[in-house]
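Dear colleague,

Please find below the structure that I am handing over to you. A short account of the findings comes after it.

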Amino acid sequence: MNSIRIGAIGTGGFGLFALQQFLQVEGAELVAMAGSHREAALAVARRFGLVENMEVETLIKLDQVDLVYIATPPFLHFAQVRAALEAGKHVICEKPLALSLAQADELLQLARTRNLLCVANLMQRYNPLFEAVHQLIDSNVIGECLHGWFDNAAGDEGLSADHWFWDRAKSGGIFIEHGVHFFDLFEGWLGKGQVLSSQRSLRPGSGLEEQVQCVVRYGNGALINFYHGLTQPARLERQEFRLLFERGELTLEEWVPTRLRLRAVVDEEQSRRLMQIFPGARLDVLEAYSGAKRLARGRHKDFDTYQKIDLHGGLDVEKMRRYCELLRALFADQVAWIADRSHQRLITEENGRNSLAMACAATELAETGK
């Protein structure tokens with residue numbers, strides 16, 4: 001068993017949600033909490049049987065704290081992560097790791113010097129669908145990935161006009177506060193990318209940044225469009241990933257992807273391979289081809305087809321259950337590294353840094369209107 005004693009900073013709703021998952025990992029123990037002295041913070045302390053909700057500076061210096069979990073607004077991350085590292089504590093911080101690349105680099109250098117953990121909570125790569133899509137792309141089973149979209153029509157009902165989220169000095173803006181999850185996910189699938197163009201829209205009357213979009217080119221040439229808009233009633237929220245391949249298209253639903261749909265034309269071997277990549281999926285055959293009709297053509301290339309399929313998966317997966325699983329998996333992975341530095345983690349310090357670099361580049365381009 002790897003024992004890890006946690007001190008938590010930030011007692012909002014998400015901090016409580018994540019802590020309840022982290023503490024289910026064997027060996028994890030919450031020993032201290034710090035935050036404002038609001039009634040909500042005191043209620044969280046009672047939830048975990050703590051008698052005191054202490055000041056941040058006090059918590060960071062406690063000898064009995066091994067790891068500091070930080071779930072405060074983004075503008076507080078840099079100072080709090082640095083203070084925790086300087087006190088010799090491991091750190092898991094909610095995204096983004098910091099508000100600028102220079103800040104992130106300073107934190108990572110400090111963590112390396114002291115051989116400490118310093119990761120952002122980018123848990124998307126622990127989703128089984130992340131690995132399945134990675135296999136789909138790497139195997140080339142339905143051809144090259146040519147183009148993609150991430151369409152995030154998010155709700156803003158929970159964000160009052162004076163919420164820190166709308167203050168770019170506190171949140172960094174939508175790409176930095178919101179977009180890093182998806183830059184990290186696509187980098188895992190397609191490798192390093194470059195932001196080519198970026199735009200934003202301000203809300204009439206208030207001037208709040210409410211919609212952003214950018215185009216990123218990845219190493220294989222694929223162009224991906226990222227859109228985030230915080231404009232919808234919560235009940236109309238919708239997130240969708242779409243990846244276009246030479247011989248098919250994949251759609252994933254929810255911001256923590258759960259359901260998938262894959263439409264493609266494939267031969268017999270490709271059909272078998274897809275069912276290996278997406279075990280348990282439902283495969284509907286829409287058309288079968290024989291004789292001369294097996295020959296298809298695209299991008300000036302011939303290919304053999306056996307059938308046109310419509311594959312569905314994840315129909316019985318609940319997003320919140322999957323979300324809980326990802327948080328537990330991320331925490332267990334990081335604790336394993338603390339116990340054994342030879343452990344290979346799925347998410348490292350570089351994920352927090354690289355996703356922030358993409359977000360900063362998109363933000364800068366959006367401000368110039370390119």
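The notes below go from the whole chain to one residue.

This is a predicted model, in which local features need pLDDT of at least 70 and side-chain atom pairs count only at pLDDT 80 or more, while totals for chains, interfaces and linings use all residues. Residues are numbered from 1 along each chain as its sequence is written, and side-chain values use heavy atoms, with hydrogens and water left out.

The protein chain has 11 helices and 17 strands (DSSP runs numbered from the N terminus: helices are H or I with at least four residues, strands E with at least two). Its C-alpha atoms fill a box of roughly 75 × 55 × 40 Å along the principal axes. Of the 370 residues in the protein chain, 52% are buried, that is, under 20% relative accessible area with a 1.4 Å probe, protein chains only. Among contacts (heavy atoms within 4.5 Å) with a separation of 6 or more, 70% are between residues 24 or more positions apart.

Arg322 belongs to helix 10, which covers residues 319-339. Arg322 counts as buried because its relative accessibility is 11%. The side chain of Arg322 makes a polar contact of 3.3 Å with that of Asn127 (a pair of N or O atoms within 3.5 Å; within protein, one must be able to donate a hydrogen and the other to accept it, and residues adjacent in sequence count only if both atoms are side-chain atoms). Leaving aside residues up to four places away in sequence, Arg322 touches Asn127, Pro128, Val256, Pro257, Thr258 and Val317.

Yours sincerely

Terms used. Buried < 20%, exposed > 50% of the residue type's maximum accessible area, 1.4 Å probe, protein only.
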